[in-house]
Amino acid sequence: MAASTLLTFAWLEVTGLCNEFCDHCYADSGPKGTHGTMAVRDWKRTLDQLADMGTENVQFIGGEPTLYPHLPELIEHAHGRGLGIEVFSNMTHIRDELWGTFTKYGVTLATSYYSDDAQEHDQVTRLRGSHRKTRANIRKAIDLGMPIRGGVVSVNSGQRVQGAANDLAALGVGQVDGDRTRAFGRAGQGAVPTVADLCGHCAHGKCAIGPTGDVWPCVLGRFLSLGNVKDTPLAEIWTSTRTAEIRAEIAAARPDKAESCNPPTFLPSCSPCAPASGVCDPKEADAAPGMATIGAPA
């Protein structure tokens, strides 16, 4: 397989269910979401296919992946196939069983954090007590020696994003990044997404698979279906004419960035890697940081 078509990373969106209901959620997940139609055997078969394709890392996302009852089983299976594993969680609902699974299989974590002020954080998540639970579980992960990355998304005017970044750093989170709200899902407020809204790096070494088996070029590009793993082997989807056409369409829309930009590290991670420019969105690369980034924690 040519280097340009290697699939090295995949987001696995195991559920659309979430205990939070953030206005800026790109996945449009929430308390009314479901686990979709992918059975455990479907996810295991997909993990096997990813491993056979040479994929290095997967990230379990949602919704809130810790609400998916079979997450420990999928983590064990992924580890058994030699895949690196990260879980992107709001860190409010981690059962003792999951902590054991995380530590046993070397899982890394990533989370979003909105403010060092509990009330402001809870206003974003629309879940009372979420700040307290998230902060406590971040501390627990660090105490357990688990690698964890934090991202501060600027949602509201005047939001204490720098305070949030400083708080994460004080807790011992080694990597803290920032981003702005992106107009996908609920944040789009009904606007139809377009290829030009993407960063330009989608489908280059990475894809996302949703809870119904649909394959997307990235988590934000879910309006571009490449195929469905319940019907077609992933390797066939990844090397299909349809995927090549979508990849070319994305590249044409962002000709200056398709190969070079690094997407957000926490929205969720693409590799995981840090944006070389410190800016997550090519459209913001020449602009003042503003809402697109946060400064280094003091």
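Modeller: Keep in mind that this is a predicted model. Start with a helix pair: α4 (residues 118-125) and α5 (residues 130-143) pack with their axes 8 Å apart, at an angle of about 105°.

Colleague: How are α4 and α5 oriented to each other, given that angle?

Modeller: Angles of 65 to 115 degrees count as roughly perpendicular. The helices α4 and α5 are therefore roughly perpendicular to each other.

Colleague: Which residues make the contact?

Modeller: On the α4 side they are Ala118, His121, Asp122 and Thr125, and α5 contributes Ser130, His131 and Thr134. By class, the contact of α4 with α5 has five polar residues, one nonpolar and one charged.

Colleague: Next, burial. Which residues of helix α2 are buried?

Modeller: In α2 (residues 71-80), the buried residues are Leu71, Pro72, Leu74, Ile75 and Ala78. Viewed down the axis of α2, they fall within an arc of 165°, so they line one face of the helix.

Colleague: Why would residues with such spacing point the same way?

Modeller: An α-helix has 3.6 residues a turn, so residues three or four places apart point the same way.

Colleague: What covers the buried residues of α2?

Modeller: The cover includes two helices, α1 (40-52) and α3 (96-104), as well as the strands β2 (57-61) and β3 (84-88). For the backbone, look just after α2, where glycine 82 has a positive phi of about 80°.

Colleague: How do I read a single residue in a strand? Take isoleucine 148: is it buried or exposed?

Modeller: Under 20% relative accessible area counts as buried. Isoleucine 148 has 7%, so it is buried. The residue belongs to strand β5 (residues 148-154).

Colleague: What does isoleucine 148 touch, leaving out residues up to four places away in sequence?

Modeller: Its contacts are Met91, Leu109, Thr111, Ile138, Ala141, Ile142, Val173, Gly174 and Gln175. Sequence separation and distance can also be read together: valine 107 is 41 residues from isoleucine 148 in sequence, and their C-alpha atoms are 9.4 Å apart.

Colleague: Now salt bridges. How many does the structure hold?

Modeller: The structure has 11 salt bridges. Aspartate 42 and arginine 45 form one, at 3.0 Å from N to O. The two residues are three apart in helix α1, so about one helical turn separates them. Aspartate 42 is buried at 7% relative accessibility, whereas arginine 45 is partly exposed at 31%.

Colleague: Which salt bridge links distant parts of the chain, and where are its residues?

Modeller: Consider arginine 81 and aspartate 48, whose side chains meet at 3.1 Å, N to O. Arginine 81 is in the loop between α2 and β3, aspartate 48 is in helix α1, and they are 33 residues apart. Arginine 81 has a relative accessible area of 33% and is partly exposed; aspartate 48, with 24%, is also partly exposed. A network of salt bridges links Asp48, Asp52 and Arg81.

Colleague: And arginine 149 with glutamate 86: how far apart are the closest N and O atoms?

Modeller: In that salt bridge they are 2.5 Å apart. Arginine 149 is in strand β5 and glutamate 86 in strand β3, so the pair ties together parts 63 residues apart in sequence. Both arginine 149 and glutamate 86 are buried.

Terms used: Residues numbered from 1 in each chain as written. Predicted model: local features only at pLDDT ≥ 70, side-chain atom pairs only at ≥ 80, totals over all residues. Heavy atoms only, no water. Axes fitted to C-alpha atoms, helices over the stretch in contact; angles between N-to-C directions. Helix = DSSP H or I, 4+ residues; strand = E, 2+ residues; numbered from the N terminus. Parallel < 35°, antiparallel > 145°, perpendicular 65-115°, else oblique. Contact = heavy atoms within 4.5 Å. Nonpolar A, V, L, I, M, F, W, Y, C, P; charged D, E, K, R; others polar. Buried < 20%, exposed > 50% of the residue type's maximum accessible area, 1.4 Å probe, protein only. Arc of directions from axis to C-beta. Salt bridge = Lys/Arg side-chain N within 4 Å of Asp/Glu carboxyl O.
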